[in-house]
Amino acid sequence: MKNLVQFIVVLSLIFATSCKQEQMKIDIDAPVAEKIPKKLEKHGDVRIDNYYWMRLTDEQKNATTPDEHTQKVLDYLNAENSYYDTITAHTKQFKEDLFQEMKGRIKEDDESVPYKSNGYFYITRYETGGQYPIYARKKGSLEAEEEILFDVNKMAEGFDYYALRGLNVSEDNKIASFAVDTVSRRQYVIQFKNLETGEIYPDKIENTTGGATWANDNKTVFYTKKDPVTLRSETIYKHVLGTDASDDEVVFHEKDETFDTFVYKTKSKKYIMVGSYSTLTQEYQALDANNPNDALRVIQPRTRGLEYSVSHYKDHFYILTNKDDAKNFKLMKTPEDKTSMENWVDVIPHRDDTLLEDISIFKEYLVLEERTNGLNKIRIKRWDDTADYYLPFDEETYSVGVYNNSDFDTDIIRYGYNSFTTPASVIDFKMSDRSKEIKKEQEVLGGKFDKNNYISERLWIKARDGKEVAVSIVRRKDTKLSADTPLLLYAYGSYGYTVPDGFSTTRLSLLDRGFVYGLAHIRGSQYLGRQWYEDGKLFNKMNTFTDFIDAGKGLIEKGYTSADHLYASGGSAGGLLMGGVVNMSPEIFNGVIAAVPFVDVMTTMLDTSIPLTTSEYDEWGNPNEKEYYDYMLSYSPYDQVAAQEYPNMLVTTGLHDSQVQYYEPAKWVAKLREYKTDSNVLLMHTNMEAGHGGASGRFNALKETARDYAFFLDLEGIKK
């Protein structure tokens, strides 16, 4: 027996030595990027960027025959992909199993709840095996014959990437505008289809945001074009069907490079609205939808710091605004013919404890979407003030939102509800008698899901400055909490966007394998109102990083996990978050995924030719001003990479990303390889056909989720 024990010990030592040697081999085989120093100087500060050479223009990326430099960059990205494939080869079957498992929970032949608009019921459905949706409608009733508008599966044949958006039908129901992106740069080509004959008109409008807004004459549309370099949405055009798009008239050009512009029609169908927006300021202009050749008239001239949006009802415009220091917003109204803000009067006053997020207008009712203490609320109010009440929701944490309410003259409001443990439901609520009908509950196939097997809760963890940060948690009831429990912590934390506490069929693949999932509602979102956002941007941005770190430490202190089993993920601005926290507190995470991460903050925000730069000065700061430069430099992940140990990391990106250029994560990974002092795994995967949103097609997207989950599960030693 003693000899057997000794044999096992020796065998274990041999295995451990073998693993270390294999890890050393992995480190040697990792791609090593060439260092070509580039001097970057601002405000007397000099930065040396050894990997600036990885940057390619769109023309270089899309060239039929790459030049020498382009080929060098592509070779490096492909080398990283090959390295990823080699290191994760042992998880190949596991990733396929995860994908099939996730796919098996989806009802493949699914369809949306029909919604009624202008006499037709519109339906989006999927067929078994289909990657893309089919858009259809039925005239008058759901028993009518189905009319297929677009079968995106057929349209996408032959394309590596295909996205259709902007489906909008003319007021006479005869023509549909639609837009297509086959590159994943979010530059859409608008086209038109005759829904009676099936003819695709020759009209093609390139380099747009994708949306087209119909005037009431059924032949004129308004749309937004982008700057071809910065991709800033800068110009509103007017197009008449049957004419050459090169002759389209400019309706409005947004000259201020810190603003973008857009166009839409009011629910009343009376006005075409042109909006201009920056992070802190908005401005709206209107024209009569019955007279598309009229000139625009300004609702309220832009005033820095004044935010507002516009709806229309009867003879008034309704203004959702922060006017008069209404930080959490209030609702005001003004006559159609007296629209400047001195004429605005309160409808729903400002409240310190409640954020007014949105409104929906009906003939007899006003519907308000609010947020109090982090939780969504829906408030129903009759215009005649005979009723004013909230819809009841019982779970400790949940997500609810109003949508697809295009009918104006109805007493039925449609909303969606789900939570960490409750699959999504679409509910029609009759505002007159307060009855409700569940139109659809999300099906979770596979025969294994029972919501009673899961539990969610909301923790409040004290940050270093005393603020309480909410963390929403979900796990299986039979998952025991201890230092050995794996926990994945997610967050975003920018632009005031609040990540909802929503259900996920894919997340079950983690929960059923013993993971706990946490969503940290850190500053930079509006979870606790507008001030929560203000406290996580500009000179307060550091709070976003420290809130996440403190949430992780708090979970460890509460016994939910330990540093050996705590994982983190975030994408885009959430990828910036990941970059910041691994520089500041790498020791509390075992593994991190940074998806399409915005990590080269300084170089990007100093380059006005890059998309999103000028329009985001009010979010991050303008580094052309030294005070902002110094502060942004203090957290810029690429610039703050240090000679220290880092967690195991997977970084993902897309070659055609228009939001965060692929070379930001590529440079970051190269620099991390140069500086990090540990033997932990560092991987990068570039989707060579996709952009910021990843793969198109519902199944291809699942494969990317399976890839990410396999990374975390493999680090935990979970192989199946």
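Reader: What joins β15 to β16, and through how many residues?

Author: A hairpin does, through four residues. A word on the basis before we go on: this is a predicted model, where local features need pLDDT of at least 70, side-chain atom pairs count only at pLDDT 80 or more, and totals for chains, interfaces and linings use all residues. Residues are numbered from 1 along each chain as its sequence is written, and side-chain values use heavy atoms, with hydrogens and water left out.

Reader: What makes β17 a partner of β16?

Author: Strand β17 (residues 297-298) is joined to β16 by two bridges and runs antiparallel to it. Here alanine 286 faces arginine 297 across the pair.

Reader: Why is β16 called largely enclosed?

Author: Buried means under 20% relative accessible area, exposed over 50% and partly exposed in between, with a 1.4 Å probe and protein chains only. Six of the seven residues of β16 (residues 282-288) are buried, so the rest of the structure largely encloses this strand.

Reader: Why does leucine 538 count as buried?

Author: Its relative accessibility is 18%, so leucine 538 counts as buried. You will find leucine 538 in the loop between α7 (530-534) and α8 (542-557), with a positive phi of about 50° although it is not a glycine.

Reader: And why does valine 596 count as buried?

Author: Valine 596 is at 11% relative accessibility and therefore counts as buried. Valine 596 sits in the loop between β35 (591-595) and α10 (601-605), and has a positive phi of about 35° without being a glycine.

Reader: What makes lysine 103 a charge over a ring?

Author: The rule asks for NZ of Lys or CZ of Arg within 6 Å of the ring centre and within 35 degrees of the ring normal. Lysine 103 lies over the face of phenylalanine 699, at 4.6 Å from the ring centre, so the distance falls within the 6 Å limit. Arginine 165 lies over the face of tyrosine 188, at 5.4 Å from the ring centre.

Note on methods. Two strands pair if DSSP finds at least two bridges between them.
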